[in-house]
Amino acid sequence: LVPDLAGAGLAWLQPEVIYNMPPSPALFRPRSLTEAFDLLAAHRDSKPISGGASLVAMMNAGLVAPAALISLTRIPELSGIAVTGAGSIRIGAATRHNDIAVDHRLIGTAAVIAHAASQIASVAVRNMGTIGGAVAHADPGLDFPPALMATEASVEVASIAGRRSVPIREFFVDWYSTALDPGEIVSAIDIAKPKPGVGLYLKHARVSGDYAIVSVAVSLARDGEVRVAVGSCGPTPLASGEVDRMLSADLSAVVTARAADLLVAMANPIDDVRGSAEYRKTLIPRMLSRALRDVTAMSREAA
Amino acid sequence: MTKPSAIELEINGTACDVRASGSDTLLTVIRDQLLLTGTKRGCNQGVCGACTVLSDGRPVRSCLSLALDCKDRRVDTIEGLTAHPVMQALQQAFIAAGAFQCGFCTPGMLVSAFDLLQRKPASVKWRRPRRAVGQFVPLHRLQEDRRGGAGRSSDATGRGRQVNKLVGSVVGSPVPQLEGREKVSGSAQYIADLYRPNMLHGAVHQSPHAHARILGYDLSAAQAIPGVRAIVTGDDLEDHWRMGAFIKDEHALAKGRVRYVGEPVVAVAADTETIARQAAAAIVVNYEELSTALSPEEALAPEAAVIHEEAAAYIKVFDTGTQGNLCSRTSFREGDIEQGWRDSDRIFEAHYETQPQAHVSIEPCGALAEIDASGRITLWSANQSVFRVQANVSESLGIPMSRLRCLTPRIGAGFGNKMEPHISQSP
């Protein structure tokens, strides 16, 4: 907006164009969820942030510029892992990857979650990133989403209106898109009581700590129940009840190949620097059979 | 715009007063405000590890940690940890083993290794490092040795023997790098670690197009930002000010036409890095997109748009057969090739291709210039070829070489990318 200086008899003044500076966000550090929801509602285009491992990287790259940041790091109820009376495991959304990787309660079929956590990025990033941030970010290359889908897990979502639980296999909707509604945050991940058994997260990446080219998460219960999910092969991790039923009934090479065919048919990967879509589809059957062979061996060893 | 908040951070055991806005990272604050430059900015994406610090005793990436969120935490950087005996043992081991080349990410490696030793002391077997020749030998003793030393014969033959002994003990033995101590302590200074009083910061508006004509610039929004001191475009450069290692084909800033994505188009100098970047982003350049040729085959097709129409007139260090879009042609023969074909049982003929590779060093490019009252320029830059930088800057900015002194601080690798003078910018 340039004022009419000449008209006001001020032609000697330099007209000043007021440049709209890109906003520098404020950071709030609420101590309770209620306070966090109030802040989220009060600030348009605000983003909740916990570890910052992905959001700050995106801000540094100029991809996002939130108007305000609501830090969830000082809300005690969001952190830590607890076992409920019924034996289910509750992982607070702001629990860091490294704390999950070394937690001795994630055993049996839930071991796949700790195994995936141990393979995320690097030690320094695992000390920052949180499981709630990972599932809310929903990058198809992340390690937690397929690992959680290989267990019986649900995402607890909280908002000013209350809390609801979304089964993990319904949580991821599309590229970077989840069942979260505006104003909602991930408050916890609930894992059903782990069964005796084993879990494995097989990750194929260019270098240790990179995003997966393809990853396969498997849990194998001692009663024979198998749960499988494949990461980095489409907008959301691949998993299906039919594949799990087939493999739970029969882990033979023939059935494994049929299950792999179903997963390949579901896959919709992209070509990127990590690998072509075709290469990723080629890897699915090979990695699935390797993962199943490994969990079977681990299961025998455990027994 | 939200004003930066004043906060107190505990860095290396000291309470430090800093100012930060919500998006300022811990890395920015410890480097730019506390001048603790041992923590390096490499990728700014949490991947490279050069910015690793300890937060409450655990390693984190300071480039991904928001400064305001580090309140109530204890932060330790390489500068503070250097006082710790375990860190000192690690640093000596790094020096003895020559465990660094350019040293840019060495502070980050040491902080990570320090954490590993704290968490899993038993996982590492300490081995007394093989003593490198000259290591930790005080300078006066070395000079004594060279002079023949106390109690040694000082006649001509004795001195000769002594020199031979010294040479004999160096050849075949590991010699510690001269700059080892500065690299392991974080005090080695790379281009981004250099400061001059009242210095301005630069940012560059880069081309978003592979091939386009520049129709005009709208600099008004950028000029209106408080703190912007100068804006330079290709219009400020003479047409014959061209530089290049072999073919002088490029202006310091694009003139009339851009020929690749990322080509520098407009440069801004401002009071702070933030203002400079904001101004660069506020510059509007009107482009008319031209047809592109994005593969060698497309570029050599007869109908392809010629990227350098004046190529024939360019100064070339030697003629490489430049013609149209063909930059250089190489063919060579060795021995009797026809005889070789005749003697071959089988002949395979094919078209071979190799992928391009970017030489991506962790340290980006950069430069710092100071002009004295007589107009003489001292130019520090991250480069691998300081005299080529002097020649090219002189050619591209019309500055006589006699007024331009070029210096190279430590560089965070180059792999060939830092042969020519250039600066680079991430968003």
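Is S55(B) buried or exposed? S55(B) counts as buried, because its relative accessibility is 9% (buried is under 20% relative accessible area, exposed over 50%, partly exposed in between, with a 1.4 Å probe and protein chains only).

This is a predicted model, in which local features need pLDDT of at least 70, side-chain atom pairs count only at pLDDT 80 or more, and totals for chains, interfaces and linings use all residues. Residues are numbered from 1 along each chain as its sequence is written, chains are lettered from A and ligands numbered from 1 in the order in which they are written, and side-chain values use heavy atoms, with hydrogens and water left out.

**Chain A overall**

- Chain A has 11 helices and 13 strands (DSSP runs numbered from the N terminus: helices are H or I with at least four residues, strands are E with at least two).
- Along the principal axes, the C-alpha atoms of chain A fill a box of roughly 90 × 45 × 30 Å.
- Of the 303 residues in chain A, 51% are buried.
- Take the contacts in chain A between residues at least 6 apart in sequence: 60% of them join residues at least 24 apart (contact means heavy atoms within 4.5 Å).

**Interface between chains A and B**

- On chain A, 33 residues are in contact with 31 residues of chain B.
- The size of an interface is often given as the accessible area lost when the parts come together.
- Here the buried area is about 2600 Å², with 57% given by carbon and sulfur atoms (accessible area, 1.4 Å probe, that two parts lose on being put together, summed over both).
- Four salt bridges are counted between chain A and chain B (a side-chain nitrogen of Lys or Arg within 4 Å of a carboxyl oxygen of Asp or Glu).
- One salt bridge joins the side chains of R29(A) and D69(B), at 2.8 Å from N to O.
- On the side of chain A that touches chain B, two or more residues each come from β1 (26–28), α2 (55–60), β3 (68–71), α3 (97–101) and α5 (123–126) of chain A.
- α2(A) gives the largest share of that side, four residues.
- By class, that side has 18 nonpolar, 11 polar and four charged residues (Ala, Val, Leu, Ile, Met, Phe, Trp, Tyr, Cys and Pro count as nonpolar, Asp, Glu, Lys and Arg as charged, the others, Gly among them, as polar).

- S55(B) lies in strand β3 (residues 52–55) of chain B.
- Leaving aside neighbours within four places in sequence, S55(B) is in contact with V60(B), R73(B) and R74(B).
- Helix α1(B), residues 26–33, has L26(B), L27(B), V29(B), I30(B) and R31(B) buried.
- The cover over these buried residues includes β1 (5–11), β2 (14–20), β3 and β5 (74–76) of chain B.
- Just after α1(B), L35(B) takes a positive phi of about 55°.

- A267(B) sits in strand β10 (residues 264–270) of chain B.
- A267(B) is partly exposed because its relative accessible area is 22%.
- Not counting residues up to four places away in sequence, A267(B) touches A203(B), A230(B), I231(B), V232(B) and L253(B).
- G202(B) and A267(B) are 65 residues apart in sequence, yet 6.9 Å apart in space, C-alpha to C-alpha.
- Strands β13(B), residues 377–381, and β14(B) pair in the parallel sense over four bridges (two strands pair if DSSP finds at least two bridges between them).
- L404(B), in β14(B), is the bridge partner of I377(B).
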